[in-house]
Amino acid sequence: MRASTLLLAALIAGSATATYRAISPKTNWTDEEARLVLSLGLSKLPPLPADPSNAVADDPRAAELGKALFFDTRFSANGKVACGTCHLPDRQFQDDLARAKGVGVTARRTMPIAGTAYSPWLFWDGRKDSQWAQALGPLESAVEHGTDRAFIAHLIETHYADQYAALFGPLPSLADVPNHASPTGLGPVLDDWMALDDTRRDAVNRVFANVGKAIAAFERTITPRPSRFDAYVDALAAGKDTVGLLSLQEEEGLRIFVGKGECTKCHNGPLLTDNFFHNTGVAAVPGLPEDQGRSLGTDQVLADPFNCLGPYSDADPGDCAELKYLAKAGHEMTRAYKPPSLRGVAGRPPYMHAGQIATLGDVLVHYNTAPAAPDGHSELEPLNLTSTELASLEAFLVSLDPISTEAQP
Amino acid sequence: MSNPITRRRLLWSVPVILIAVAGVGVAKMMQPPPADLDLSLAKPTDQGLYTAAVEPGLSPIAVGTMHGWVVSITTPDGTPVETAEITVDGGMPQHGHGLPTEPEVSANLGGGRYQIEGMKFNMPGWWVVNLAVDGPAGPDTVTFNIVL
């Protein structure tokens with residue numbers, strides 16, 4: 001009898017709390033919480049930033065050519081791999097695999113594309129500083145497309161000469177350029193590159209860079225889609241009723257996200273990423289070569305001939321502030337990786353830079369327990385959230401899924 | 001030659017210090033910014049050799065947006081210091097990390113004013129910006145607090 005009285009009292013108290021929350025959503029948030037919640041809404045996303053390093057970034061003809069190149073499997077060693085092989089349009093431009101499969105298997109997880117035009121750094125380790133420079137990497141990776149820049153230039157000449165010329169001017173003569181040649185190649189591919197004179201190397205590099213610029217023009221059109229969370233934020237911003245836009249559990253998860261979960265330390269702004277690099281103690285994958293993350297990526301982006309300050313960039317040096325003022329790699333950047341946007345995150349397991357964690361729930365357990373980093377120093381501290389709190393946080397993350405699942409563009 | 005007891009004590013002190021430092025680190029993580037944080041954007045340098053004032057080029061400063069600051073250096077009596085060398089660093093004291101960029105003075109604007117480029121803060125919370133100023137009166141330092 002005593003137990004049932006207690007249970008009844010608990011039920012009444014619980015439902016009273018639930019009713020209070022349901023009828024007074026606008027009074028739920030402290031000023032600081034509300035400020036952070038509003039900062040995460042998609043309506044706060046600024047217009048697409050210009051890419052001064054890519055003169056055709058906003059040319060629809062370049063986007064059209066780039067889209068064709070993105071899905072063209074001829075740009076691979078085995079004729080079966082295109083950008084779209086791993087960046088699947090109906091799967092948020094990723095592939096659901098722990099590690100990408102091109103002509104071989106890579107050491108990292110395929111990243112989604114939406115919103116990457118906003119990021120100063122591309123790839124998990126930021127070894128590229130523009131979408132167009134990024135697009136060139138996989139083309140010459142031995143385990144992704146497995147091709148080389150001379151092969152790509154010849155393909156453009158054979159299949160896309162007119163579209164190319166309309167955007168970039170006539171193709172240079174490739175008559176004396178061997179079928180395969182690249183400074184990043186091995187054996188005869190490298191030898192053949194070394195045998196080319198500077199004029200021919202420059203001509204091939206320029207065609208190669210322009211392929212990246214066309215692909216980037218297409219990728220710029222891939223933008224994040226509104227979620228139920230955004231509808232909630234818009235209502236909150238307008239002082240309207242938010243009841244029913246998020247469940248009470250999702251709302252509670254949002255409170256933890258901007259509060260004691262400390263998620264907005266790295267997942268901030270409308271894209272829910274700071275586009276910087278963090279060591280969060282993610283385990284190394286057994287059997288893979290040592291992965292130093294951003295500390296190697298820093299050196300690579302500075303040395304990249306296709307960076308913002310390089311000869312194939314259309315930018316004035318003054319437009320390259322991110323590269324110019326880049327923080328040189330210190331201890332903090334060892335095994336530091338870029339947080340991807342959390343928009344749509346629930347729909348794309350597995351997680352982390354090599355798909356080390358299978359489920360979103362286990363990712364939250366990782367952040368809650370803060371294991372030591374295999375190398376460098378993890379920025380995490382244990383959060384001591386309860387399982388109920390973790391479940392709420394996970395529910396909130398699901399509310400970041402796009403409302404429309406239609407493939408774009 | 002070395003005393004084995006002293007060496008053992010020294011060895012023991014390593015984990016003790018590590019644990020103590022880790023403990024302080026955890027305690028710091030949990031803290032909100034100090035309530036009495038000096039948020040003024042103009043103040044004397046630490047040794048009183050100069051007065052430094054900063055004008056962030058963004059108001060309010062947005063998380064994640066690269067921008068510039070103008071720094072003005074004067075002597076304590078208000079005379080502009082035209083030939084200061086200024087270096088910039090900073091970070092988040094409660095998180096133990098630095099700035100995501102390496103800002104630099106890009107121009108001497110004259111009149112004791114200096115343009116700093118490359119300022120960026122990638123997280124909400126308490127940041128410090130440290131200026132090292134070397135001028136005719138000698139080197140000095142000053143720290144500004146920013147809360148985003």
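Analyst: What follows starts with the chain as a whole and then moves into its core.

This is a predicted model, in which local features need pLDDT of at least 70, side-chain atom pairs count only at pLDDT 80 or more, and totals for chains, interfaces and linings use all residues. Residues are numbered from 1 along each chain as its sequence is written, while chains are lettered from A and ligands numbered from 1 in the order in which they are written.

First, the setting. Chain A has 15 helices and zero strands. Helices (H or I, at least four residues) and strands (E, at least two) are DSSP runs, numbered from the N terminus. The C-alpha atoms of chain A fill a box of roughly 95 × 45 × 40 Å, taken along the principal axes.

Next, burial and contacts. Of the 409 residues in chain A, 45% are buried. Buried means that 20 or more other C-beta atoms lie within 10 Å of a residue's own; exposed means 12 or fewer, and partly exposed is in between, with C-beta atoms placed from the backbone. Among contacts in chain A with a separation of 6 or more, 72% link residues 24 or more positions apart. A contact needs two C-beta atoms, placed from the backbone, within 7 Å.

Now the core itself. A nonpolar core is a set of buried Ala, Val, Leu, Ile, Met, Phe, Trp, Tyr and Cys residues joined through C-beta atoms within 7 Å. The largest one has 40 residues. Ile152(A), Ala153(A), Phe208(A), Val211(A), Ala214(A), Ile215(A) and Ala217(A) touch the most other members. Each of these helices of chain A supplies at least two residues of this core: α3 (60-70), α5 (131-140), α6 (149-159), α7 (161-168), α8 (188-195) and α9 (198-219). The largest share, ten residues, comes from α9(A).

Zoom in on Ala214(A). Leaving out residues up to four places away in sequence, Ala214(A) touches Val56(A), Ala62(A), Leu65(A), Gly66(A), Leu69(A) and Leu167(A).

There is also a second, separate core of 30 residues. Tyr118(A), Cys263(A), Tyr351(A) and Met352(A) are among its members.
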